[in-house]
Amino acid sequence: MSGAWRLPRGGRVDRARPLRFSFDGKAYTGLTGDTLAAALLANGVHLVARSFKYHRPRGILAAGCEEPNALVQLDRGGGREDPNLRATQVELFDGLVATSQNRWPSLSFDLAATADRLAPLLPAGFYYKTFMWPAGWWRRVYEPRIRAAAGLGRSPSRPDPDRYLHRHAHCDVLVVGAGPAGLMAAAAAVMSGARVILADEQAEPGGALLAEPGLRLDGMDGAAWLAAALGELTAQPNLTLLPRTTAFAWHDHTYLGLLERVTDHLAEPPPHLPRQRLWRVRARQVVLATGAIERPLVFPDNDRPGIMLASAARTYLNRYGVRVGARVAVFTNNDSAYATALDLAAAGVTIAAIVDCRADPGGELVQRARAVGLPVRPGAVVTGTQGRLRINQAFVAPLDGGGRSSPVVCDALLVSGGWNPTLHLHSQARGRLRFDEKLWAYVPAELVPGEQVAGACAGSFALADALREGAQAGVAAAAAAGYRAELPALPAVEAPSWSEPAPLWRVPLGRGRAWVDLQNDVTAKDLELALREGFRSIEHVKRYTTTGMGTDQGKTANVNALAIVAAGLGQGVEAVGHTTFRPPYTPVTFGAFAGASRELQLDPLRRTPSHAHAEALGAVFEDVGQWRRARYFPQPGEDMQAAVGRECRAARQGVGLFDASTLGKIDLQGADAAELLNRVYTNAWAKLTVGRCRYGLMLRDDGMVLDDGVTARLGPDRFHMTTTTGGAARVLAWLEEWLQCEWPQLRVFCTSVTEQWAAIGVCGPKARDVIRAAGTDIDLSREAFPHMSFRDGSVAGLPARVFRISFTGEIAFEINVPSGYGGALWEALWQAGQPFGITPYGTEAMHVLRAEKGYIIVGQETDGTVTPLDLGMDWMISKAKPDFIGKRGMARPDLARADRKQLVGLLTRDPTVVLEEGAQLVEDPAQSLPMRMIGHVTSAYHSANLGRSIALGLVQGGRERIGQTLWVPMPAQPAIAVEVTRPVFLDPENRRLNG
Amino acid sequence: MLLITCPWCGPRAEIEFRCGGEAHIARPDPATASDADWERYLFLRENAKGVTLERWWHVHGCRRWFNAARDTTTEEFLAFYRMGEPPPATLRARLGR
Amino acid sequence: MPHSPTASLPAIAGAGVTAVEAPLWGKLVLRLDGEARRRTEAALHIAIPERPLTSTEAQVGVCLWLGPDEWLLVTAVDMAGEVASRLDAALAGTHHAVVDVSHRTLAFRLAGPKVRDALAAGCPLDLHPSAFPPGTVARTLLGKVGITLHLRRDGSTFDLYVDRSFADYAWRHLELAARELNG
């Protein structure tokens, strides 16, 4: 048996397929088709949670996503833990393991419930007025304790092993909600030939039809009509049906996010399926058929386990075959709760009373209830309840206050305060709402572009209206998307009618706390407190009291809260306004948002042509933007300093091998290529000879350094520009922007060839020996191949362009081959270099070697606020060119100040001390705080070639300070003394380069 | 996720583009521009509430720059037009010029 | 033999979608103004597609529209140099650029009844046949990397072009999406 409260027949569950599950360690049985909430209720379990703040015992309020109380923790094994799931939306599977949250040691005995007795000290916003004294206690006492007590579920402690995918989708019409309105909309749109996506958050489409037994459509009962309609729809190739899929976000230009729960309902998900899929849908038109959510009533002690929404009880009965109680009371301000009472009575549940606040309720359902002898008590309200872990009594009194309250024994109290159209997506789309004083609910004020609404979410609660509006919306949407659509035949409907609700935002009688937001434990008194304390805007009241700020977004709280605030301010509900709905409509896992972007795929991992070879040589890698580059090549027993020291010595005394492929390369062709270079670089380019290279410095138009690199002239109208690694894409974008937007008349084309060429550098006194040993037809001699030139030919049997350029200050050749052969080139040079002691070096040694020469690295010595003059590079600035990007910018007074930071070298008094990059410099280390900082360290290394540490920095008026001693204060140690020097430490005349 | 109509490629998702800020900013003649002119060109922007004219770059598409008119309060695009072209005449009323 | 970035990556094969790294076809970026375009058509006997997002095919290979003055010419393996030389001769004096990117850009050939679903896991384009008919070419994104996507004339084979160092990421993105589609 699947629970003592399960009816032997009825519902859409499968009694032939029972499921085992556990809750708080206790084993239960449920049925296939159950939600966890339904299965718990079938077993008579109502106490499922402790409330957030006061740890009050709580039960299941609802049957859908609006559930505020029944949040559970699910453990699917293997590290798959999910906190804060609504038991009403967890599909039961065999072996499901769920636990309640926020209670210790157990649900029925929770020590933290003392908070409930301290409630008068803990009203809304109490934390703004407490925990301030003494100051030291905040970090040591208050915060750790509050942190431990706060929150509901437990965060997962292990990496998420599930996979998630995204799906970009396009459609003409997206229909949200597959209830009667949505089904008709989809049918109308799909028949027109439009591409239609129909999404529903439930496992089964059908919406309200799933819980209404008494309907007849075209003479069939609701279930049969539904099956037939679905059969027809899903046969259409231009329809995509997405069950278990919540549309949780409406973004600009009808772009919606949908979350599909692919395998959450499976005990053993097939490994080839993703757990969830995030649909990123661009629709032309959207039809909202999202239904409505019932409101609870606000009265003292309205939060006990067993107090449920009337429609939820009906759903549990009709959909899951579950009785929520044996002796049930109903409290309502409208007709819909009578349908619940009638269905329960027909299933053998005793109806203890139907308490209706309306003095003279007379609708069709009320008459039927009276006709079967159900006890209707008009003009009455519930003023309180009793029962700590389960309701056992409700107190009923006349609404007009003219009478005492009398107890009604019950084990469930079903409440209905009316219905709220579900308009979150409409509101996210910036759609405005209008408060309707016949429905006593918010309805759409006007539609946003691309939107249609139909059915209960538009305020039309009658089935016939929902069907008709759905069909009309489908036609309108298809037509707006450019299709010829016809209204389909509407089914003939037999369904009871409703009369209007009476507004009852808060029962004015009784004593005790009346709960408005169950999830965040906000009472009516809290709302009044906010008003007393002077808050007027609903935005402030919401945030001060935290109403509607829980994971349920206040689905069962917001409108009641607005109305109570309106009453408190003496205004109409509409005048108070409402806060803005934000995505997601219901919580979405991080995994779904991440999709495939995790671990290795978090960001593209770009590897160089020599990567595998570097790995084989034991390289330690570092990430430079998206590139993974070899940082150093330690030999056994070497730490980084030892390895880098050896690599630096080899590069200057023997021969080093370096992969420079990541630097940007841009091909420029056209009659105005040289003119473009003149405009983007600070120096002059027109006269560069074919076959020669020149260093270029690129500025932004505000005069700040943007990038640098060596550019070679391949022909009269053709250049090969190089950039920094990080600047490759940026510089190409820069050139394109200027050419397309500012200088469209210049005839030059730019094409990225960064990845067309692998670039392997060979540097040091034995560089020529190695290249010759590898085999080349290029004359490498000093006379035939001067520094800053290039030659085409072959190296190691590969077609090559060899540049004689150097970033180390040694003789160096950068051999460019088509990138598919980069690995082969590296290998050939490595082999050929063995007799010469060839030493691969990485980015760390490269940094040290160039710093020894005082060569800047853009992004290290510069940060977007540094000019060429700051760097001491006025020799790079052409005096003759009338204009180049940055020339006018540099003339601004602020860029010519004498006290600007200037590039200098820094030598520590103690040569073994390596400064920290970013450390600040001061004149007087003994000054009081805050110290006057006059500069910072941009690069710092131990230099094996010099046998001591070196550093570069930017210091105010640096060039005037050469020879001075400055200080680098550091935490927890004495300040470090440094001498300011010129920013070059080795071979200042560049003799080594010209060998 | 805006839907942006590239004049060559047609409507595409916003992630294929990069916004280039305010459109129709003429680079002053560097020889004659005052510091205030240059500052305005470099740093000062209208940031209109309402219809704004801006540049977009189809970086992950055809890599062309173009202009667009967008209402910053509603995200509605009113026009797309090629780089170098003036705003369409139909916009003048909305731009208040 | 040029290095293949996907050789050691998990295969994408099955009833739903297959992917194969193509041989290193010759690839030339063509930047052409009006006169250069006419001369290119004459020299290579291929129409240079003027309508955006379209392609043409001829004996020399396929020509893919990338921008109003930019095309990608894809020829047989090792043919790029020869075609480029022919063009250099033919285009002398015109405003043009011909850039060999045979090694810069790699290609995957994708096929299978579920190939569009695999691409949709990371590509924001509408690939429905009504929106992306055979012969269509588009530069777009796959996840975080730029790609060029070309639907061949058979209407079911896609050529996906991606730059070399992004090939690993693009392949893995497809493979993650393909697992579900290949069962």
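**View 1. Four salt bridges are found across the interface of chain B and chain A.** The model shown here and in the following views is predicted. One salt bridge of the structure joins R27(B) to D701(A), with 2.7 Å between the closest N and O atoms. Sorted by class, the side of chain B that touches chain A holds 15 nonpolar, three polar and seven charged residues.

**View 2. The contact between chain B and chain A draws on 25 residues from chain B and 24 residues from chain A.** The area buried between chain B and chain A is about 2,200 Å², and carbon and sulfur atoms give 51% of it. Within chain B, the residues that lose the most area to chain A are M1(B), R27(B) and W65(B), which together account for 29% of what that side buries. Polar contacts across the interface of chain B and chain A amount to 15 residue pairs, both residues being at pLDDT 80 or more.

**View 3. Chain C meets chain A through 43 residues from chain C and 41 residues from chain A.** About 3,700 Å² is buried between chain C and chain A, with 53% of this area given by carbon and sulfur atoms. The count of residue pairs in polar contact between chain C and chain A is 23, with both residues at pLDDT 80 or more. On the side of chain C that touches chain A, two or more residues come from each of β2 (26–32), β6 (96–100), α3 (115–120) and α4 (167–181) of chain C. Helix α4(C) gives the most to that side, with eight residues. The classes on the side of chain C that touches chain A are 18 nonpolar, 11 polar and 14 charged residues.

**View 4. Six salt bridges are found across the interface of chain C and chain A.** A salt bridge joins the side chains of R277(A) and E180(C), with an N to O distance of 2.4 Å. The elements of chain C that give two or more residues to the side touching chain A include α4 (167–181).

**View 5. A salt bridge joins R850(A) to E861(A), with the closest N and O atoms 2.9 Å apart.** R850(A) belongs to helix α22 (residues 843–852) of chain A, while E861(A) is in the loop between α22 and α23 (887–890) of chain A, so the pair ties together parts that are 11 residues apart in sequence. R850(A) counts as buried, at 0% relative accessibility. E861(A) likewise counts as buried, at 1% relative accessibility.

**View 6. In chain C, R139(C) and E70(C) form a salt bridge in which the closest N and O atoms are 3.3 Å apart.** The pair links distant parts of the chain, with R139(C) in strand β8 (residues 137–142) and E70(C) in strand β5 (residues 70–75), 69 residues apart. R139(C) and E70(C) are both buried.

**View 7. R991(A) and E989(A) form a salt bridge whose closest N and O atoms lie 2.9 Å apart.** Both R991(A) and E989(A) are exposed.

**View 8. A network of salt bridges links R56(A), R58(A), D116(A), D301(A), D303(A), R304(A), R513(A) and D521(A).** Over all chains, the count comes to 88 salt bridges.

**View 9. A search of the whole structure finds zero disulfides over all chains.** A disulfide would require two cysteine sulfur atoms within 2.5 Å. For C171(A), the closest cysteine sulfur belongs to C123(C) and is 17 Å away, which is too far for a bond. C171(A) is buried, with a relative accessible area of 5%. For C648(A), the closest cysteine sulfur is that of C763(A), at 9.6 Å, again too far for a bond. C648(A) is also buried, with a relative accessible area of 1%.

Key:
Residues are numbered from 1 along each chain as its sequence is written. Chains are lettered from A and ligands numbered from 1 in the order in which they are written. This is a predicted model: local features need pLDDT of at least 70, side-chain atom pairs count only at pLDDT 80 or more; totals for chains, interfaces and linings use all residues. Side-chain values use heavy atoms; hydrogens and water are left out. Contact means heavy atoms within 4.5 Å. Buried area is the accessible area (1.4 Å probe) that two parts lose on being put together, summed over both. A polar contact is a pair of N or O atoms within 3.5 Å; within protein, one must be able to donate a hydrogen and the other to accept it, and residues adjacent in sequence count only if both atoms are side-chain atoms. Helices (H or I, at least four residues) and strands (E, at least two) are DSSP runs, numbered from the N terminus. Ala, Val, Leu, Ile, Met, Phe, Trp, Tyr, Cys and Pro count as nonpolar, Asp, Glu, Lys and Arg as charged, and the others, Gly among them, as polar. Buried means under 20% relative accessible area, exposed over 50%, partly exposed in between (1.4 Å probe, protein chains only).
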